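This briefing sets out selected features of the structure shown below, grouped by topic for use in computational work.

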Amino acid sequence: MNLLEIRNLHAEVEGTEILRGVNLTINVGEVHAIMGPNGSGKSTLAGVLTGRELYTITEGEILYKGKDLLAMTPEDRAREGLFLAFQYPVEVPGVTNAYFLKTALNAIRKYRGLEELDAMDFLKLVRSKLKLVDLDENFLNRAVNDGFSGGEKKRNEIFHMAVLEPTLAILDETDSGLDIDALRIVADGVNSLRKPENAMLVITHYQRLLNYIVPDIVHVLVDGKIVKSGSKELAIELEQRGYDWVRETTEV
Amino acid sequence: MVTHSNETNILQWYKEQFQKFASRKNGESEKLRFQERLTALDAFLERGFPHRKDENWRFTNIQPITRQCFKIADRIGSVPENVLQQHFVEGAYHIVVIDGIVSDTLSDTIPSITVGSVLRVINDYKEHSHLQNFKPLDKTNSPFVLLNTAFFVDGVWIEVPDNVELMQPIQILFITTDVDTPTAFFPRNRYSVGKQASVTIIEKHTSISLGEYFVDSYTEINLGEQASLHYTRLFEEGNRGYHVNTTRIEQHRLSSLTSNVVVLGGALHRNDFVVSLAGEQCSSELRGLSFASGTQLIDHHTLIEHNYPHCKSTQLYKAILDGKARGVFNGRIYVHPQAQKTDAQQSNKTLLLCDDAMMHVKPQLEIFADDVRCTHGAAVGQLDATQLFYLRSRGVDEVSARTLLTIGFANEALEGIEHLPVRTQIENVVTRKLEH
Ligand SMILES: Nc1ncnc2c1ncn2[C@@H]1O[C@H](COP(=O)(O)OP(=O)(O)OP(=O)(O)O)[C@@H](O)[C@H]1O
Ligand SMILES: [Mg+2]
């Protein structure tokens, strides 16, 4: 089944066009990877999908579960199962990780007509999810990302993902800043969250991550357009030949 | 209600009120105190109320207090039991002050320390001994302190003897009852913490009055050598309440103070906080949180006097301003020539929730020693769009996300409040106020 369909998406930031006609379809059960040079528009695409106000959509449409995604508020997108692990996780001083996550989870559950979790049940749930990404329990009572190391922030994003159990998760360079062991842990964590009814969009610069989280399809985004799509072997080829090779073999 | 538009009339009013007050005080046993009242009144009449031309009152319009005649409180109302319970925090001793008068029946006795009505404690002492307990009147004090000195009837006395560590906090509830005419209250408190003694004092100032009232409160605190005080104050006056509070703390060698002052209610709040470091190696940690909305005005004036070497003071005052609210922070640090190795830090941060709100910040550093570290900083801003999006992108609706971030902003100013039920109570009030 068709979970996400992006048709001819054009988006700009402060008058500059960043996305210039993106087409992408993701079906349930699939893992898609997006690679592409710095500044090509990968994070912009993630931001547009999750409803960041920074961007103006000038053309195109996005259907998510058959609904007009662009008409929905960021929070409703999340409640409908969309999740973005940020390339640069945001520090929120004064708000504890646990409190934020409980508020988020209960907002989502309420939207779905499920009973809200009380403190005890919540704690039980998050404890098991913390183990998944090997984070210590004291991270619950620390302010969100405040003073976390780069790698801890990334792990914390996956921890949030594990608790919120999204239908479509977008991971924006979750691998950058992780040491070799942490990469393995995070990848294992992500893989354990894969389900036939879910899908993932993994943005990365490195083929290494894709050895762990094996994609069904790899896309190459250059200058705001997907210029090439292929099987997971495409990532290996990219790593060997660089982006100039893609630019040469396609007309942008 | 009589309304006087000119200043002479209002001063005349207080003069007349004092005559009535004096006749009621006919039996006042200690003549010396009565003399002090008279001196204070004369000094007040001479000075008059502060004016906006006074540098210390530039941003604070006290007209609501000076344009009308407040009756001097002369009765004690009653407070329903459930209201009291609602304000009490768990795990603390409770002292109740209704309409400026300490209520014995509603207050706990506390083992190993002296606590109760200022008046009674003074009267219990042998003749005139109270003069050792209160500083002599300083005519250069603010007119509000002079007025308080002339009219005070009662207040709380706490004396923690040397070496006593009180584990359980003392909560003092100052509550004014409903008034039919605009009424003024003048509570006066005195806390003394002995050498190596330690105590937590939590004040809550509130009201069940729908009418207009004015509280002019004055508190003097003395911290002995190596004493420690955790001092939390929550001002949650009614919508038509005006509160001017002056608090002076004198700290002796190696003593430590942790102060949190939270102002949430009242149409007008002015807070003068003077910490005098009167010995070496004292530490003072001051945090403040103001949350004003509508047309509320909250004004904090702090003065830290570094009189001795090797003392450390930190100030973090935060304000959340909504609607057309006004905030003032004037932080003065005075470092005397002999106060070498002083470490004094001051920071003021304001969150504007609305474009019409306004904050006035004035750091005032007067440093006369050369080997010191003094810093100050101020920032005024709005909620961060990236943080807001981050929370929303995880499913939190916009209103809740704003609330969450605002509470997050406030939290830093609530650090140091170790008694959890108080902190929870404050957080709840802030949340409720945000939801309005
Ligand atoms: N707020 C902004 N104002 C101006 N330009 C912006 C803004 N945000 C993004 N851009 C520009 O949009 C382009 C695409 O940025 P984007 O973050 O989507 O790239 P990316 O593919 O994620 O790059 P990277 O691999 O470095 O993360 C860049 O040229 C960037 O400078
Ligand atoms: Mg990016």
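In this predicted model, the side chains of A:Lys67 and A:Glu80 meet in a salt bridge, with N to O at 2.9 Å; the term denotes a side-chain nitrogen of Lys or Arg within 4 Å of a carboxyl oxygen of Asp or Glu. The pair links distant parts of the chain, 13 residues apart: A:Lys67 belongs to strand S5 (residues 67-68) of chain A, and A:Glu80 to the loop between H2 and S6 of chain A. Helices (H or I, at least four residues) and strands (E, at least two) are DSSP runs numbered from the N terminus.

The model is predicted, so that local features need pLDDT of at least 70 and side-chain atom pairs count only at pLDDT 80 or more, whereas totals for chains, interfaces and linings use all residues. Residues are numbered from 1 along each chain as its sequence is written, chains are lettered from A and ligands numbered from 1 in the order in which they are written, and side-chain values use heavy atoms, with hydrogens and water left out.

**Salt bridges within the chains**

- A:Lys67 is partly exposed at 39% relative accessibility, while A:Glu80 is buried at 13%; buried means under 20% relative accessible area, exposed over 50%, and partly exposed in between (1.4 Å probe, protein chains only).
- A second salt bridge in chain A joins the side chains of A:Lys129 and A:Glu165, at 3.5 Å from N to O.
- A:Lys129 lies in helix H4 (residues 119-132) of chain A and A:Glu165 in the loop between H5 and strand S9 (168-172), so the pair ties together parts 36 residues apart in sequence.
- A:Lys129 counts as buried, at 13% relative accessibility, and A:Glu165 as partly exposed, at 42%.
- In chain B, B:Arg423 forms a salt bridge with B:Glu427, the closest N and O atoms being 3.7 Å apart.
- B:Arg423 and B:Glu427 are four residues apart in helix H10 of chain B, so about one helical turn separates them.
- B:Arg423 is buried at 19% relative accessibility, and B:Glu427 is partly exposed at 26%.
- Salt bridges with shared partners join A:Glu53, A:Glu75, B:Arg392, B:Glu398 and B:Arg402 into one network.
- Over all chains, the structure holds 35 salt bridges.

**Interface of chain A and chain B**

- Contact (heavy atoms within 4.5 Å) involves 32 residues of chain A and 16 residues of chain B.
- The area buried between the two chains is about 2000 Å², and carbon and sulfur atoms give 65% of it; buried area is the accessible area (1.4 Å probe) that two parts lose on being put together, summed over both.
- In chain A, A:Arg52, A:Glu75 and A:Phe100 lose the most area to chain B, together 26% of what that side buries.
- Three salt bridges are found across the interface of chain A and chain B.
- The side chains of A:Glu157 and B:Arg394 meet in a salt bridge at 2.7 Å from N to O.

- Helix H9 (residues 398-414) of chain B has 17 residues and spans 24 Å from its first C-alpha to its last, close to the expected 24 Å at 1.5 Å a residue; the expected span is 1.5 Å times one less than the number of residues.
- H9(B) is mostly covered, with 12 of its 17 residues buried; B:Leu404, B:Ile407 and B:Phe409 are among them.
- B:Asp397 caps the N-terminal end of H9(B), with a side-chain oxygen 3.1 Å from the backbone nitrogen of B:Val399.
- After H9(B) comes B:Gly416, whose phi is positive, near 95 degrees.
- Helix H8 (residues 385-392) of chain B is also mostly covered, as six of its eight residues are buried, including B:Phe389 and B:Tyr390.
- At the start of H8(B), a side-chain oxygen of B:Asp384 reaches to within 3.2 Å of the backbone nitrogen of B:Thr386.

**Loop residues of chain B**

- B:His419 is located in the loop between H9 and helix H10 (420-435) of chain B and is buried, at 16% relative accessible area.
- B:His310 has a positive phi of about 60 degrees although it is not a glycine; B:His310 lies in the loop between strand S16 (297-306) and strand S17 (312-321) of chain B.
- Most residues other than glycine have a negative phi.

Definitions and conventions: A polar contact is a pair of N or O atoms within 3.5 Å; within protein, one must be able to donate a hydrogen and the other to accept it, and residues adjacent in sequence count only if both atoms are side-chain atoms.
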